[in-house]
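Open your viewer and load the model.

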Amino acid sequence: MQLFPRSGWLLGATCAALLGASGVAQAADGVVFVHGTGDQSVSSATTGYWTQSAIDTMRTGRPYLIVGYPGASCAGFSQCSWGSIVDQIVPWMDANNITSFTVITHSNGSSPLRYMLGHTGAVSAKGHAVSTVTSRISQVIFSAPDLTGTPLADQVTTSGSFLNIANSVVEFFGGGSYNNPAVVQQRTDNMRVYNSNATFAGAQGATTVGGKPISVVRGNRVYANIFSSDAYCGGYMYTIGLKAAALLGWGSFNASTDGFIGSDSSGYFGNIIIDDARLNHHQSRRGCHNSGNLIAKKVASLTIPPPSQQTYTPETNVQGAALACNNYAAAYATDFMTGNTVWKYGCSSTQLNNGYVEPDCLISYGYSSSYRIPSTASWNPFLNPAYYPTWGEVCPDSWHGDGICDACLISKYGFDATTGSTGANDCVQAPPGGSNWCADLAWDTYYGFHNYAVVKALH
């Protein structure tokens, strides 16, 4: 009997475990990440689109592949889109002995996957059959998928510009080339055709496509509370840009939207596993609000609670004036009505919870200390006729939707919007380089008394 040193035995056992009896690496389950609209390299998709921390959370230690492909220059049904994805997955599968894998897509990344699942006989530019890839897909997780198109695509391909939309949203259309093939593909009229003629696989209400289970992760509102980490996750400028798109109805034909994709589009088919009122379109690719951990459980085939039981503490919507009119900052400004210099008081973080009811805090954030809007209390200076010497009526409702963000209307109702609306239309922040007309109580330095002044807020 030959004896082996303990270290040699351990090394041999380790090698056997890694290689198996035949000396071939053991089969593995993997994860593939497919980005949305935008011409991304593997590097930019990793660092700028998904981020490594979000990737690591969702893949749960499994081998993974970050795909980079021309997601703006090529529509989802074009070979240069789905074919590029196939040509990256095949060598990765072979090199890592991947026998099955989960695909996680974001936004319009769902389109090339839908094409692949419906056209398994198609062949890529490098000669790889789509079936080589789809045969090993175990499940697909669509995050914020654009399954029926977005009104934003209709807007920008018709007008050729984003009008007043925030610059931070431009990235979702490939960096500003509004009429690129992927954006045109996402027009709602075009997507109706592609869904009806089987260009893109997936029937309305289905939970599988091409025999593969489909899960959907989506947000249904955009929160932009400046004090909340919920709004800052992934970058605050993205949040307020998507908030503007949601308020103006650009991201959806209905009120339920992540700012870019409406729930009618993201919920066209698939099993909805996350339906979060905090998760905006950008945050859904960054694993915000525990979505990364829930996706990780789904990747690992673990049970996750239904959306109705994924509880969290609700946050308060930020009042539009805080962002549109900079009412959280004190500053000198010029009153449009008189031409006089006025002093806007603003609301600092210290004033917000100092125990006193500060009017500018109330209209900026919806509350001041323990007092919350709407307020019709007699103490409220916004409802005091003495502060409106140039107007015949104190803060009339006719000022709703007049293009001026009126602080007094926010104090009365919590928003300044067109009659019958629920969104703060007059108080949506203009994009960088733009401006808002804002009306607020201010100290007139020429006359030496308080007055309701209209000033221009630059961004």
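Start with everything shown as a surface. The protein chain exposes about 19,000 Å², and carbon and sulfur atoms supply 54% of that area. Keep in mind that this is a predicted model.

Now switch to cartoon. The protein chain has 17 helices and 14 strands. Colour by burial next: of its 459 residues, 53% are buried. Look at the contacts too. Among those in the protein chain with a separation of 6 or more, 66% join residues 24 or more positions apart.

Go inside. Which residues touch the most other members of the largest nonpolar core? Select Ile 89, Phe 101 and Val 133; they hold that place in a core of 36 residues. Then select helix H4, residues 79-96, which gives the most to this core, with seven residues.

Zoom in on Phe 101. Setting aside neighbours within four places in sequence, its contacts include Ile 89, Trp 92 and Met 93.

Move to the second, separate core. It has 22 residues, including Cys 325, Ile 363, Ala 407 and Cys 438.

Finish on the outside. Select Tyr 345, Trp 443, Tyr 446, Tyr 447 and Phe 449. These residues form a nonpolar patch on the surface, with about 560 Å² of accessible area together. Where does Tyr 345 sit? Find the loop between strand S9 (341-344) and helix H15 (349-352). Tyr 345 is partly exposed there, with a relative accessible area of 36%.

Methods. Residues numbered from 1 in each chain as written. Predicted model: local features only at pLDDT ≥ 70, side-chain atom pairs only at ≥ 80, totals over all residues. Heavy atoms only, no water. Patch = residues over 30% accessible without salt bridge, like charges linked within 9 Å, V, L, I, M, F, W, Y side chains within 5 Å. Areas by Shrake-Rupley, 256 points an atom, 1.4 Å probe, with all protein chains shown as cover. Salt bridge = Lys/Arg side-chain N within 4 Å of Asp/Glu carboxyl O. Helix = DSSP H or I, 4+ residues; strand = E, 2+ residues; numbered from the N terminus. Buried < 20%, exposed > 50% of the residue type's maximum accessible area, 1.4 Å probe, protein only. Core = buried A, V, L, I, M, F, W, Y, C linked by side-chain atoms within 4.5 Å. Contact = heavy atoms within 4.5 Å.
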